[in-house]
Amino acid sequence: MSKKATRASKPKADPDAEGSAKMSKASALKKVLFMSQELLPKDADDGHLRLERFFHPGHGKEALFMTHPDGRIMEFVEYAEPRRSWLVNSEVCSNGRIYMTTPVDPTLLALYHLRKHCAQKAMSLDNIAVEEASTSRLLNEILDPENLKCVADVKSSGEQKFYRYNQERTLAWLALKTRQVVRILKEKQVHCGHSAQSQNFVRSEKLAAENVSNEMDYTRMACDIVGRYLDADLHGLLINYLHIPSEIQAIVEEKAAAQKRKSMAGKDEGSDSKKIKLNDSDAAAKLKSSGLVDSDGDPNASITSPTAAPLKERSLTAKEKALAKGAKGTKSIASFFKVK
Amino acid sequence: MSITLDFNGKNIAKGKELALHFLPAKINGDGEANVDHYFNNYTREATEFGSGILTNALRGYPLMGEKLKVPEGYRGLVLQETEKPISYSSDRQLRLTGVFQDFTFWNYDKVPSNGDPYRQALFQADVAQALAQPITEDDLEAEIARNKENANDSP
């Protein structure tokens, strides 16, 4: 909704409010949820789904996850626009959010604990963070230990298995994850470049045809998405591993390329400028014939016309400056994906 | 602490089908309203903007809307908490109010399009799916080997 319509910001006494006395007060907020069908309980005797808090390394604090009695887990995300609400049958619901369950790999969540506890020595899962109930539940009841092979060295002695964090394997594993995300971004034609941000607003058919996107832009975006589940320092290592130049550097490079194009265009324009320019020789001849210059008196004096001065590099016009300024603050598509 | 979703498959199968409107406005209040009489009555089809586009108005502000399905692979549920939690750490329960397959998405004075933040947000689900996809050990070994090779090429 546009900023104009902030009726809510200045409450007025309105005639409809009279009826509010007899409105039944809802006891608690309703929640609108998009629930993944895979996670839905099938039978009547199935156990109940639960929402539990686990430490989310990307947020740096606990977040809600939906767990199935059989140990499957999904992230519980909410989509919130600033001004939204629901009408449910004949009830107003002021909570205009949409809650959604999205798949998550519990290995990503376990990675944080492995790095914290198992970087120096191998440990068995039931010995890690015994004092933290949610962590040990995650590691022992939800996580599939088979998957830990991707991020850790496994040593087994008898029944027991011990895990030690392995950075090389972790980074390779994360790089493969990043590539999976790149693939889906391409498939969905999500626009990732910072160069044409205005196209975010409408994803037109045209966009699909124009292959303006740059491989590195996709990788950077995918890496940022993966990074949302990682500690900041591990995210940094992943960026290095994938050889992603920083975004600022990329913007500077792109700007330099754009300027080069612009100055070349400027030269072309100069040739058909409206001002009539005289050739040097013409000007000299005209000046001579006009008799304004006493050429006989000083034959060595050369006559220079003002047009002979070298063309200065074309600077940006006011209009172009305004356009560049306007494009600066444009929202990037990543801002829409923010996990709330 | 945890929150239990107090329903099972049978409850969902029998769940009441709800009609939902996703309004582009903040409403400070919850409760009954005469939605049929004051809102649904005024929903019109506006074929000049495209097929399936609806118009209505909320407090005189024009709305443009469209019937949308719940994203593929998902089921729409409306949950409600019957008792207020006593404290942050206490166990809570959410009960099922009803289910839905589609809802009406309303925009303020704008034809719903792929540019809407709602539709863009749905990519999140696909991205999360791709991210959660397990990686086989063979692929992992190949990647490690490849990385070592690259490191040797450009020391």
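This is a predicted model: local features need pLDDT of at least 70, side-chain atom pairs count only at pLDDT 80 or more; totals for chains, interfaces and linings use all residues.

Visitor: Why is Arg59(B) called exposed?

Guide: Arg59(B) has 9 other C-beta atoms within 10 Å. The cut-off for exposed is 12 or fewer, and buried needs 20 or more. With 9, Arg59(B) therefore counts as exposed. Arg59(B) sits in the loop between β5 (53–58) and β6 of chain B.

Visitor: And what makes Asp109(B) partly exposed?

Guide: Asp109(B) has 15 C-beta neighbours inside 10 Å. You'll find Asp109(B) in the loop between β9 and α3 (117–121) of chain B.

Visitor: What is there to remark on in the phi of Arg59(B)?

Guide: Arg59(B) has a positive phi of about 55°, and it isn't a glycine. Most residues other than glycine have a negative phi. Asp109(B), not a glycine either, also has a positive phi of about 55°.

Visitor: How do you know that β6 and β9 of chain B are paired?

Guide: Pairing takes at least two bridges, and 7 join β6 (residues 61–69) to β9 (residues 102–108) in chain B, so they pair. These two strands run antiparallel. For one spot to look at, the bridge partner of Leu68(B) is Phe103(B) in β9(B).

Visitor: Which strands make up the open sheet that holds this pair?

Guide: The order is β3(B)-β6(A)-β5(A)-β2(B)-β9(B)-β6(B)-β5(B)-β4(B), which gives 8 strands with mixed pairing.

Visitor: What makes β3 and β4 of chain B edge strands?

Guide: β3 (31–32) and β4 (44–45) of chain B each have a single partner strand, so one side of each is left without a neighbour in the sheet.

Visitor: How many residues does each chain put into the contact?

Guide: Chain A gives 77 and chain B gives 72. On the chain A side, α3(A) gives the most, with 11 residues. By class, that side has 41 nonpolar, 13 polar and 23 charged residues.

Visitor: What makes the passage of α3(A) by α4(B) a crossing with a direction?

Guide: Their axes come within 8 Å and cross at roughly 145°, and the crossing is right-handed. From α3(A), the contact is made by Lys177(A), Gln180(A), Val181(A), Arg183(A) and Ile184(A). From α4(B) come Asp126(B), Val127(B), Ala130(B) and Leu131(B). The classes here are 5 nonpolar, 1 polar and 3 charged.

Visitor: Where do the domains of chain A lie?

Guide: The domain assignment gives domain 1 (27–103), domain 2 (105–165) and domain 3 (168–250). The centres of domain 1 and domain 2 of chain A are 27 Å apart, taken over C-alpha atoms.

Visitor: How do you know that domain 1 and domain 2 of chain A are in contact?

Guide: Contact asks for C-beta atoms within 7 Å. By that test, 8 residues of domain 1 of chain A are in contact with 8 of domain 2. On the domain 1 side, strand β2 (residues 49–56) of chain A brings the largest share, 4 residues. That side divides into 4 nonpolar, 2 polar and 2 charged residues.

Conventions: Residues are numbered from 1 along each chain as its sequence is written. Chains are lettered from A and ligands numbered from 1 in the order in which they are written. Domain bounds come from an automatic or database domain assignment. Two residues are in contact if their C-beta atoms, placed from the backbone, lie within 7 Å. Ala, Val, Leu, Ile, Met, Phe, Trp, Tyr, Cys and Pro count as nonpolar, Asp, Glu, Lys and Arg as charged, and the others, Gly among them, as polar. Axes are lines fitted to C-alpha atoms, for helices over the stretch in contact, and angles run from 0 to 180 degrees between N-to-C directions. A crossing is left-handed if the near helix is turned anticlockwise from the far one by less than a right angle, and right-handed if clockwise.
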